[in-house]
Amino acid sequence: MRLGTPRDPALTLILIFLTCGLYYLYFIYVTSQETSEFLGEQEYSPGVEVLLSILTCGLWNIYWDYRIGKRSAEMCQRVGLPATDNSTLYLILDLVGFGGFGGLGILNPVLQQDLLNRIWKAAMTGPPPPPSAPPSSWPPPPENVQTPRQPRPPQL
């Protein structure tokens, strides 16, 4: 199991815009390589992934986004994080726009990189602790509270 490199999701989006989508092809290559090395299985080589993206004019990106959502859910389970399967969300964002090059699909690399960063962090440090449950009685009863003394009746 080899860990990937954490990257800034916002910088990923900025680089995609500044390079007119060329950084997205690099993102596909690197992410495919890192997820394959982490899972120890490779469906397609990263170069084939990029080539299919180019040859299909972005249609492959829709399938790639869906598949990376499934793979990242498996990766979450392996590091002890709750399984986060965003494949349907990625598909919807792709279909509202067109692939990773326009529309809302441009948000997919940001979401994917954010999840991958959480996976890499959990793999290095362990999963985050579960949230603690509040005490059974909240607020806690005060300690050492003295009850007020009752006044003595006057003696005659």
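The expected span is taken as 1.5 Å times one less than the number of residues, while helices are DSSP runs of H or I with at least four residues, strands are runs of E with at least two, and both are numbered from the N terminus. This is a predicted model, in which local features need pLDDT of at least 70 and side-chain atom pairs count only at pLDDT 80 or more, whereas totals for chains, interfaces and linings use all residues. Residues are numbered from 1 along each chain as its sequence is written, and side-chain values use heavy atoms, with hydrogens and water left out.

The protein chain as a whole has six helices and zero strands, which gives the pattern α-α-α-α-α-α along the sequence. Of its 156 residues, 38% count as buried, where buried means under 20% relative accessible area, exposed means over 50%, and partly exposed lies in between, with a 1.4 Å probe and protein chains only.

In helix 6, the buried residues are Asn 108, Pro 109, Gln 112, Gln 113, Leu 115, Leu 116, Asn 117, Ile 119, Trp 120 and Ala 122. Their cover includes helix 1 (9–18), helix 2, helix 4 and helix 5, as judged by contacts, meaning heavy atoms within 4.5 Å. Ala 122, which belongs to helix 6 (residues 108–125), is buried because its relative accessible area is 7%. For the protein chain, 65% of the contacts with a separation of 6 or more come from residues 24 or more positions apart. Following helix 6 is Gly 126, with a positive phi near 95°.

Among the covering elements, helix 2 (residues 22–39) has 18 residues and reaches 26 Å from first to last C-alpha, close to the 26 Å expected at 1.5 Å a residue. Helix 2 is largely enclosed by the rest of the structure, because 13 of its 18 residues are buried. Just after helix 2, Gly 40 takes a positive phi of about 75°.

Helix 4 is another part of the cover, and Arg 71 has its place there. With a relative accessible area of 6%, Arg 71 is buried; leaving aside residues up to four places away in sequence, Arg 71 touches Thr 35, Ser 36, Leu 39, Glu 41 and Glu 43.

Rings of Phe, Tyr and Trp (its six-membered ring) pair if their centres lie within 6.5 Å, with planes under 30 degrees apart counted as stacked, over 60 as edge-to-face and the rest as tilted. The structure holds six aromatic pairs. The pair of Tyr 23 and Tyr 26 is tilted, because the ring centres are 5.4 Å apart and the planes stand at 45°. Both of these residues lie in helix 2, three residues apart, about one turn of the helix; Tyr 23 counts as buried at 16% relative accessibility, whereas Tyr 26 is partly exposed with a relative accessible area of 44%. The rings of Tyr 44 and Trp 60 have their centres 5.3 Å apart and their planes at 90°, so this pair is edge-to-face. Since Tyr 44 lies in the loop between helix 2 and helix 3 (46–55) and Trp 60 in helix 4 (residues 59–79), the pair ties together parts that are 16 residues apart in sequence. Trp 60 is buried at a relative accessible area of 14%, while Tyr 44 is partly exposed at 32%. Tyr 24, Phe 27 and Trp 64 form one aromatic cluster.

Helix 5 (residues 87–96) supplies the largest share of the patch, three residues. Val 96, found in helix 5, counts as exposed because its relative accessibility is 56%.
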